Amino acid sequence: MVDWLTVTSTANLTREECAQRAAAVEPEAYRLHLNLSTAPDATAETFTSTSTIVFAATGDQTWVDVIADEIERATLNGEDLDVSTYDGARLPVPGLQERNELEVVARCRFSRTGEGLHRFTDAEDENTYLYTHFEPTDARRMFACFEQPDLKARFTVRVTAPAEWVVRSGQAEVERDETYLASGSTATVTFGPTPPQSTYLVALAAGPYHVAEDEWSVSRDDGTEQIVPLTLLCRQAMAKHLDADDIFEVTKQGLTFFDETFGFPYPWGKYDQVFVPEYNLGAMENPGLVTFTEDFLHRGRSTAQQREARAEVIMHEMSHMWFGDLATMRWWDGLWLKESFADLMGYHVASAATRYTDAWTAFVARKSWAYRADQLPSTHPIVATIDDLEAARQNFDGITYAKGASVIKQLMAYAGADAFFAGAREYFARHAFGSTELDDLLVCLEEASGRDLQTWSRLWLQTAGISTLRPDVTRDGSGAITRLVVRQDSTDPTTGEQVLRPHRIRIGLYSPAGDGLERTGLLEVDVDGAETAVPEAVGSTAPLLVLNDDDLTFAKVQLDEGSLAVLRERLSALPETLTRALVWSDVWNATRDAALPAADFLDLVIAQAPREPEGALLRTVLERALVALRDYLPADRRPAAAERLVTALDAGMRAAEPGSDLQLIWARALAGAAGDTPAGSPLARALLDGGAPEGLEIDDDLRWALWTALTAQDAATTDELEEQLRRDRSMSGRTAYVRATASRPTAEAKQWAWQRITTDEKLTNDELRSLILGFIAPSGAAETTRFAGDYYASLVDWWRARTQTMALILAVGLFPKQPLQAGQAPEDNPAAAAASAWLEANADAPAGLRRSVLESRDDLLRALRAQEAGAATTGTPRR
Ligand SMILES: [Zn+2]
């Protein structure tokens, strides 16, 4: 056994000690052998991992990272090492020579949390599947290594597994030996050595995967040719949902785009994409073997919006083959270097190279992640200071991804797209297979664009907080603009200093035309400083001004009253989808800021959404309506508003074209909201009992959502849920059943769910998430409030006893909330006060845990302020 205190402290690598290690050791090659032949046996909890590292050293000692149940033995240059010094995370390695060969044989654990080598057994067909996820530092859960991104090496992976399994790693298979045993034959598969790469990018998938194959090829103008074999993998039970043609088409479009644009041939040989269950995130860019959550394979009918979202993620990961995998950040404070860029490329390439030409609309929704993150107390500059791994893990956030991408988009507008890609090509040419920092990229971009980017970098990358842009408009008696000034307001919340940034924006001028709106002007403006006059606007009578039209910059835009009045009547009549997405984003930000009452936002949705023709945007707007209802509306107004909302969703569904994506999007939104009000139950029942509108197929996922809504109102029986489980025994069916059961608003159901959530450590990541989603269903709020005390009493234990991923699922998912009571100040709300008291009493709790509670409290206070403002506008007495 290992003392957790020791493990958590030594597992948490710091930037400084990693920099020291990088100066003292230089790995050349790893040879890994993983014996996974017992993996199908559920009682076998561990596997044997042999890691042989060849490396040069200058000092006389170092350590390797490995998280294992036990180290069986270790040798350095043929001599036994003392493994009794192993503390559960690090093995000291004394007695180094100039050149060394270290072998570590460890018993590592199959993961159930999605970190390390994850094992999943499908209850439907009893097939067992393995896959890895290592970023940032979970390679050490599978093999001993120098776990830091700048210590790149060549990896040769060898795996022993059941002979009938498909086994894949980053490189192609080069050798296969089969051993015939009475107990089941095994195969030992060896993969070719990788180019130099970081430990977190080593990857493996093994199991009876379903496989689809294709290839991409190119003949370039310079006479070179390249063929890249393409493979898609998923578990057998999902094979019927794998739309290989669509995924291959997008994959090839991406490879062609990157080949032409990056000027560096695809560096990793083959390109496998594997869709896996129980995955903690969207996807991961392992070179040559990209992993995706199998949520991207659609069990029922899918909408164009769902396929577009998948295409964006395929492009995001593919761009990492260059940005991140080929040129890699030296340490985790450079995480944004790869993520900002990849996030932007996801949308850019989807819109430029695939049929999803509207992809920038989805990017507007993506930016809401950044708006939230940049207003939290935990916000930080894009170029963050990451002192250790715990901090690194939590910086996979809205700043690093969505804000970074938005700022790079602004850089493209500022420096020009051609110069931008020329700089990127130079960056790859110089830093291929190496490690990089911010300046390495800036130098290349400066050379290509001829612009000084130091000031730009300081203002955009090295400060935190959002700029607010506001039109200050004066009109004459006829409505013509006599003066337009763009006002910028921006304070870095981490320093309290004003940071006025340069913004290249467009201002759209819109006027009524018949029932609709037309763009009567588009002004390109360089906003600089606190006030920027826009003389070109003078004389225009357009009543609607859209700042940041075409979405070039990252800023919060405040609408003027005149524009808002036009939008209330005609928002859906704006001709461009991107513009509609932007103004919906502006009114949503205003709702979150308590500047626009949530009731007004709901009115706007109910009036305008039925006329919204674009699926991705409609879905976003309907989801926000539900958040407005649950979090931002004063509690006493929610019952009536919920009834009104589900009625509108039902009407939207029934008015939509039969069989259309829009019909399905309305139906899913209805199922998602129906559990919030008794008025939702007959609507959900009607859909289940044959009353669906023409063209709407009720597939298993939609069916489960409807049953969950009914159970949340205690309007479905246990027998009915079990009957649905008999219909759908898939993995999704089982987790949906658990969620539905936990959503019942009774004391018994909540007690059962709480018990399982907090004490059953055998639950997988997905099972835990499903239970929590059921537990926190709004209709059960009266019953769940009493667990708040338990929550705060358990937080530190969760952090100690669970992995960081699982602890965060608990800490974030179960955070106790209560609505604002009449006359109560937000800070005095019992839930907010309890969070504050915990933070005060636990000043020395781990930083990652404190960050989670701080962020949840901030979200709660934001919601309470919106409730307070909403109550004030309706004259609810404040005592
Ligand atoms: Zn990424």
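**Entry 1: overall build**

I counted 28 helices and 28 strands in the protein. Helices (H or I, at least four residues) and strands (E, at least two) are DSSP runs, numbered from the N terminus. The radius of gyration came next: it is 28 Å, close to the 29 Å that the globule rule gives for 879 residues, so the protein is as compact as a globular protein of that length. That radius is taken over C-alpha atoms, and the globule rule is 2.2 Å times the number of residues to the power 0.38.

I noted that this is a predicted model, where local features need pLDDT of at least 70 and side-chain atom pairs count only at pLDDT 80 or more, while totals for chains, interfaces and linings use all residues. Residues are numbered from 1 along each chain as its sequence is written, and side-chain values use heavy atoms, with hydrogens and water left out.

The C-alpha trace spans about 90 × 70 × 55 Å along its principal axes.

**Entry 2: inside and surface**

How much of the protein is buried? Buried residues make up 60% of the 879 residues. Buried means under 20% relative accessible area, exposed over 50%, and partly exposed in between (1.4 Å probe, protein chains only). The protein exposes about 32700 Å², and carbon and sulfur atoms supply 48% of that area. Accessible areas come from the Shrake-Rupley method with a 1.4 Å probe; for residues, only the protein chains shown count as cover.

I then checked contacts (heavy atoms within 4.5 Å). Of those with a separation of 6 or more, 72% join residues 24 or more positions apart.

His 320 lies in helix 4 (residues 304-320) and Glu 339 in helix 5 (residues 335-353), so the pair ties together parts that are 19 residues apart in sequence. His 320 is buried at 0% relative accessible area. Glu 339 is buried as well, at 1%.

**Entry 3: salt bridges**

I read off 64 salt bridges in the structure. A salt bridge is a side-chain nitrogen of Lys or Arg within 4 Å of a carboxyl oxygen of Asp or Glu.

One of them joins Arg 355 and Asp 246 at 2.5 Å, N to O. Arg 355 lies in the loop between helix 5 and helix 6 (359-374) and Asp 246 in helix 3 (residues 244-262), so the pair ties together parts that are 109 residues apart in sequence. Arg 355 is partly exposed at 45%, whereas Asp 246 is buried at 11%.

I looked at Asp 272 and Lys 270 next. Their closest N and O atoms are 2.6 Å apart. Asp 272 is buried at 0%, and Lys 270 is buried at 7%.

**Entry 4: helix 17**

I followed helix 17 (residues 661-673) from end to end. Its 13 residues reach 19 Å from first C-alpha to last, close to the 18 Å expected at 1.5 Å a residue. The expected span is 1.5 Å times one less than the number of residues. Its buried residues include Leu 664, Trp 666 and Ala 673. The buried residues of helix 17 pack against helix 15 (615-632), helix 16 (638-655), helix 18 (680-688) and helix 19 (700-712).
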